[in-house]
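Colleague: Please take one part of this model and go through it closely. I would like a connected account of the charged side chains and what surrounds them, with every cut-off stated.

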Amino acid sequence: MPTSSDMTTHIDSALLDALQHQVAVFARRAEQSRLGGVGQARNSMDRAAYLLLNRLDQEGAMGVKALAAGMGIDSSTVTRQVAPLVDGGLVTRASHPEDGRAVVLQLSERGRARLEEVRASRRELMALVTEEWSEEERNAFTTLLTRFNVSLSTVTASLSPGTPAS
């Protein structure tokens, strides 16, 4: 397997510098704006809550361990992040349908409505940010950003043994 120094000699250093700089700028701007959308829902839900609610919406009810594994974080982090969502009525705890002793987390109707409100606000922000882009450019950016995130997750996991990939 080539070392990282072998790989950087085959790729233009200036291009890699520009890429890492743009990723850093993106990360800073994303944190500053929290990419929270526009209107009343702007910044009304933190990133962790959004990602947890979104996963439960997309994949359905699941236990803490499955949720943690799917998100690439540990169970104690999920437990800590889910607690205010349960307290706020956005997530409910229920008995596992196959094993009544186990507990699963599921998105409540209130959580589903709140998630949709935040999604709509974030969609509006993405529309504003990319309003001068063609649909082809939006598709290409989404494809490349998805690929970048998957690669980053894979590389990060391989550099940190014992850390699950998201």
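Modeller: Asp57 is partly exposed, with a relative accessible area of 26%; the classes are buried under 20%, exposed over 50% and partly exposed in between, computed with a 1.4 Å probe and protein chains only. The model is predicted, so local features need pLDDT of at least 70 and side-chain atom pairs count only at pLDDT 80 or more, while totals for chains, interfaces and linings use all residues. Residues are numbered from 1 along each chain as its sequence is written, and side-chain values use heavy atoms, with hydrogens and water left out.

Asp57 takes part in a salt bridge with Arg112, where the closest N and O atoms are 2.7 Å apart. A salt bridge here is a side-chain nitrogen of Lys or Arg within 4 Å of a carboxyl oxygen of Asp or Glu. This pair links distant parts of the chain, since Arg112 sits in helix H6 and Asp57 in helix H3, 55 residues apart. Helices are DSSP runs of H or I with at least four residues, strands are runs of E with at least two, and both are numbered from the N terminus. Arg112 counts as partly exposed because its relative accessible area is 35%.

Asp57 also meets Arg119 in a salt bridge, at 2.9 Å from N to O. Again the pair links distant parts of the chain, with Asp57 in helix H3 and Arg119 in helix H6, 62 residues apart. Arg119 counts as buried because its relative accessibility is 18%. Together with Glu109, the residues Asp57, Arg112 and Arg119 are linked in a network of salt bridges.

Helix H3 also holds a local pair. Arg55 and Glu59 form a salt bridge whose closest N and O atoms are 2.7 Å apart. Both residues lie in helix H3, four residues apart, about one turn of the helix. Glu59, at 47% relative accessibility, is partly exposed. The count for the model comes to six salt bridges. Side chains of opposite charge can pair when their charged atoms come close.

Next, the nonpolar side chains. The largest nonpolar core has 20 residues, and those touching the most other members are Leu52, Leu53, Leu56, Leu67, Val82, Leu85 and Val91. Such a core is a set of buried Ala, Val, Leu, Ile, Met, Phe, Trp, Tyr and Cys residues joined through side-chain atoms within 4.5 Å. Two or more residues come from each of helix H3 (47–59), helix H4 (64–71), helix H5 (75–87), strand S2 (103–107) and helix H6 (109–129). H3 gives the most to this core, with five residues. Helices H3 and H6, which carry the bridges of Asp57 to Arg112, are thus both among the contributors to the core. In soluble globular proteins, nonpolar side chains tend to be buried together.

Leaving aside neighbours within four places in sequence, Leu56 is in contact (heavy atoms within 4.5 Å) with Met62, Leu67, Val91, Leu105, Gln106 and Leu107.

For context, the protein has seven helices and two strands, in the order α-α-α-α-α-β-β-α-α from the N terminus. Of its 166 residues, 25% count as buried. Among contacts between residues at least 6 apart in sequence, 49% join residues at least 24 apart.
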